[in-house]
Amino acid sequence: MGGGSDSEVSADTSGAGETSAADRPGASAWSLRADWTEPVRRSPVRVLLAGAAVLALLSWRIGLRADLVAFAYLGCVGVVLGVVDVALRRLPDPLTLPSYPIGMVLLSAAAPSTTDGGGRFIDALIGLGVLWGLFFLQWVVVPRALGFGDVKLSGVLGLYLGWLGFDAWTLGVLAMFVLGGLYSIGLIVFRRVGRKATIPFGPFMLLGALVGVLVHA
């Protein structure tokens with residue numbers, strides 16, 4: 001079984017939801033032990049189609065730039081992470097942790113062929129550190145409202161958003177919380193979950209980052 005960490009955000013708009021398996025819709029002790037590749041192997045066609053759609057969007061927006069390979073990697077990993085998080089409430093370490101060095105290598109390789117590539121790479125590292133720090137602080141202050149898997153993923157997304165600049169970083173981060181908040185409110189309004197239920201936050205982090213990339217790439 002691959003290692004992984006919980007990913008969740010409270011549907012309670014006060015941010016103080018429980019994180020026990022009993023309070024997470026669809027979550028169970030089994031989901032914490034299950035092979036994280038199972039959701040992907042169960043629906044490979046859907047995963048491939050989603051990945052193809054994301055790659056098409058990124059290729060359309062970024063074009064034949066040197067950093068396309070880096071963002072294509074993030075798109076592929078992001079699709080798998082989203083699928084696993086929805087199914088198991090987990091963001092597996094074998095996907096998130098290697099994405100740090102891989103992302104750095106791919107972006108640094110693109111830097112020489114990119115206008116102000118050196119400055120962009122420094123901004124990427126700053127974006128990584130700041131977003132990881134913000135998520136870590138939230139996890140420390142309100143540990144029941146955020147899974148540590150989200151903290152690990154935040155640094156990866158901060159790296160890529162930082163590469164695109166402050167505006168992309170800011171929009172991407174805001175979109176993460178706005179999309180997650182709207183979804184949570186919708187579930188509560190339509191009585192799909194209780195106020196203290198939790199939802200996986202990883203997919204909204206990934207979607208928010210995608211918004212930042214598509215607008216500012």
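Helices are DSSP runs of H or I with at least four residues, numbered from the N terminus.

## Basis

This is a predicted model, in which local features need pLDDT of at least 70 and side-chain atom pairs count only at pLDDT 80 or more, while totals for chains, interfaces and linings use all residues. Residues are numbered from 1 along each chain as its sequence is written, and side-chain values use heavy atoms, with hydrogens and water left out.

## Salt bridges in helix 2

The structure holds five salt bridges (a side-chain nitrogen of Lys or Arg within 4 Å of a carboxyl oxygen of Asp or Glu). Glu38 and Arg42, four residues apart in helix 2, are about one turn of the helix from each other, and their side chains form a salt bridge at 3.6 Å, N to O. Glu38 also pairs with Arg41 at 3.1 Å, N to O; these two are three residues apart in helix 2 (residues 38-42), so about one helical turn separates them.

A network of salt bridges links Asp35, Glu38, Arg41 and Arg42. Arg41 is partly exposed, with a relative accessible area of 49%, and Glu38 is partly exposed at 26% (buried means under 20% relative accessible area, exposed over 50%, partly exposed in between, with a 1.4 Å probe and protein chains only).

## Asp67 and Arg65

Another salt bridge joins Asp67 to Arg65, with the closest N and O atoms 2.9 Å apart. Asp67 is buried at 0% relative accessibility, whereas Arg65 is partly exposed at 33%.
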